[in-house]
Amino acid sequence: MTTTIDLVRQLPLWDGPVEPQPVSGGITNANFVVRSGDRSYFVRAGDDIPVHGILRFNELAASRAAHASGLSPAVIHHEPGMLVLDFVEGRTFTEEDVRETGNLERILPLVRACHREVPKHLRGPALIFWVFHVVRDYAATLEAGGSRMKGQLPGLLEVADRLEEAVGPVDIVFGHNDLLAANFIDDGERLWLIDFDYAGFNSPLFDLGGLASNNGLDEVQERWLLESYFEKKLDERLWVAYRAMKCASLLRESMWSMVSEIHSTLEFDYRAYTEENLARFDSAVREFEALRA
């Protein structure tokens, strides 16, 4: 049987035989580092994942545009099921790293550049990532797949409807849409933003809310983030819309994990990840409802 590592070995760009080294920690794709000649490469192996809305043509276009914008490493090679990037030697951020004030001040320009500069370089058809559509689609997938969470879906969808109403009209930017700590790399001189699986046009509030919810920012940091991003004093309307989108980002992450429980073949404890994110979601919703009471 031909394994994923075999397929990576057989890619046509290597300067002689290679031995791909698996990279742990990925929860969507199989990842490898390959040393060939005097260079190292990062290989992402994975086909389209329709249940998550991942289409590799979109990831490729977004990765190229992100590199052209100075955010992400260069695309070296691609073919069906494989994306090869320049390898960035550096430290992958943790949630604690993101929460450090100095790092947060470095992250914000990357997020702003993703939103404003990447679309200038994007070519070909583009996707939109509207979290409330994603949530409804996940619910249908979970229902059809006999998820253990089926009984909770009506309640979650009811909350999602209330959150969507609270978000209201939005501006549109090009979102990364997956601002986990592990998607920031510090090479000692600068930060890199990686992994554009879910990239697409979206409200800036989704990335800002996801950055906060995925990394445990406190309210002082959140208010700084919003005022710095929008370059204006934070008003109640923006605060409410942001808090609603933050809740939605946690719901999406929870339901992403529920779907992964029944569809992913990777070695990862998705059930525990579901429970962790549902707890964060429940807490955020309680705070949001208290805000609006």
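Me: Which element gives the largest share of the lining of the largest pocket?

Reply: This is a predicted model, where local features need pLDDT of at least 70 and side-chain atom pairs pLDDT 80 or more, while totals for chains, interfaces and linings use all residues. Residues are numbered from 1 along each chain as its sequence is written, and side-chain values use heavy atoms, without hydrogens and water. A pocket is an open set of 1 Å grid points where a 1.4 Å probe fits, with protein on both sides within 12 Å along at least five of seven lines; lining residues have an atom within 4 Å of a point. The largest share, 4 residues, comes from helix 11.

Me: What is the volume of the largest pocket?

Reply: Let's start at its centre: among the 41 lining residues, the closest to it are Gly25, Thr92, Ala182, Asn183 and Asp195. Elements giving two or more residues to this lining include strand 2 (30-36), strand 3 (39-45) and helix 8 (204-215). The volume of the largest pocket is about 860 Å³.

Me: Which element gives the largest share of the lining of the second largest pocket?

Reply: This pocket holds about 440 Å³ of space. Of its 26 lining residues, Thr28, Ala45, Gly46, Asp47 and Ile49 are the closest to the centre. Two or more lining residues come from each of helix 1 (4-9) and helix 10. The largest share, 3 residues, belongs to helix 10.

How values were computed
Points joined across faces, edges and corners; volume = space filled by probe spheres on them.
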